[in-house]
Amino acid sequence: MEERVQSNPQAKRNHSIVLNMRNICNITGVLDVISFDEDEVILETVEGVITIKGKELHVSRLTLEKGELDIDGVFHSFSYKDGDSYHKPNESLLKRLLR
């Protein structure tokens with residue numbers, strides 16, 4: 001039986017959220033940062049779009065090549081949106097920021 005190798009790099013990424021002491025969050029499987037401010041961060045992950053709400057949120061590390069993101073602040077909620085991605089596939093980050 002022939003083994004198939006997946007060529008899609010997104011399919012190889014695992015998604016996880018590790019929250020330490022409710023003020024440091026490490027996320028893997030991140031595809032894109034849709035928006036962020038000190039009260040809300042919206043991310044596209046391999047498992048769907050996630051909205052993170054809190055206070056004084058700060059993105060301390062972002063490595064899209066590895067799909068990793070670190071956020072610090074006080075976290076109140078994490079919620080996923082099922083369905084297609086949050087933005088149009090060819091829309092640039094700059095275009096989304098200028099909305």
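Colleague: Which residue takes a positive phi in the hairpin of β1 and β2?
Modeller: This is a predicted model: local features need pLDDT of at least 70, side-chain atom pairs count only at pLDDT 80 or more, and totals for chains, interfaces and linings use all residues. Residues are numbered from 1 along each chain as its sequence is written, and side-chain values use heavy atoms, leaving out hydrogens and water. Strands are DSSP runs of E, at least two residues, and helices are runs of H or I, at least four, numbered from the N terminus. This hairpin has three residues between its strands, and a positive phi near 55 degrees is taken by Met21.

Colleague: How many bridges join β1 to β2?
Modeller: Strands pair if DSSP finds at least two bridges between them. Here Val18 has Asn26 as its bridge partner in β2. Strand β1 (residues 16–20) runs antiparallel to β2, and the bridges number five.

Colleague: Which residues of β2 point to one face and are buried?
Modeller: Buried means under 20% relative accessible area, exposed over 50%, partly exposed in between (1.4 Å probe, protein chains only). Side chains alternate along β2.

Colleague: How many residues make up the largest nonpolar core?
Modeller: A nonpolar core is a set of buried Ala, Val, Leu, Ile, Met, Phe, Trp, Tyr and Cys residues joined through side-chain atoms within 4.5 Å. Among its members here are Cys25, Ile27, Leu43, Ile52 and Phe75. β2 (24–28), β3, β4, β5 and β6 (68–81) each give two or more residues to it. The largest core totals twelve.

Colleague: Gly29: buried or exposed?
Modeller: Gly29 is found in the loop between β2 and β3. Contact means heavy atoms within 4.5 Å, and beyond four places in sequence Gly29 touches several residues, including Arg13, Glu44 and Gly67. Its relative accessibility is 2%, so Gly29 is buried.

Colleague: What distance separates the C-alpha atoms of Gly29 and Glu44?
Modeller: Along the chain, Gly29 and Glu44 are 15 residues apart. Their C-alpha separation is 8.7 Å.

Colleague: How many salt bridges does the count give?
Modeller: Side chains of opposite charge can pair when their charged atoms come close. A salt bridge is a side-chain nitrogen of Lys or Arg within 4 Å of a carboxyl oxygen of Asp or Glu. By that rule, the count is four.

Colleague: How many residues apart in sequence are the parts tied together by Asp39 and Lys55?
Modeller: Asp39 and Lys55 form a salt bridge, with closest N and O atoms 3.8 Å apart. Asp39 sits in the loop between β3 (30–36) and β4 (40–45), and Lys55 in strand β5 (residues 48–63), so the pair ties together parts separated by 16 residues.

Colleague: What is the relative accessible area of Glu40?
Modeller: Glu40 forms a salt bridge with Lys53, the closest N and O atoms being 3.9 Å apart. Lys53 lies in β5 and Glu40 in β4, 13 residues apart. Lys53 is partly exposed at 40%. Glu40 is partly exposed too, at 25%.

Colleague: Which residues do salt bridges that share partners join into one network?
Modeller: Asp70 and Arg61 meet in a salt bridge, 2.8 Å from N to O. Asp70 is buried at 14%, whereas Arg61 is partly exposed at 33%. Shared partners make one network of Arg61, Glu68 and Asp70.
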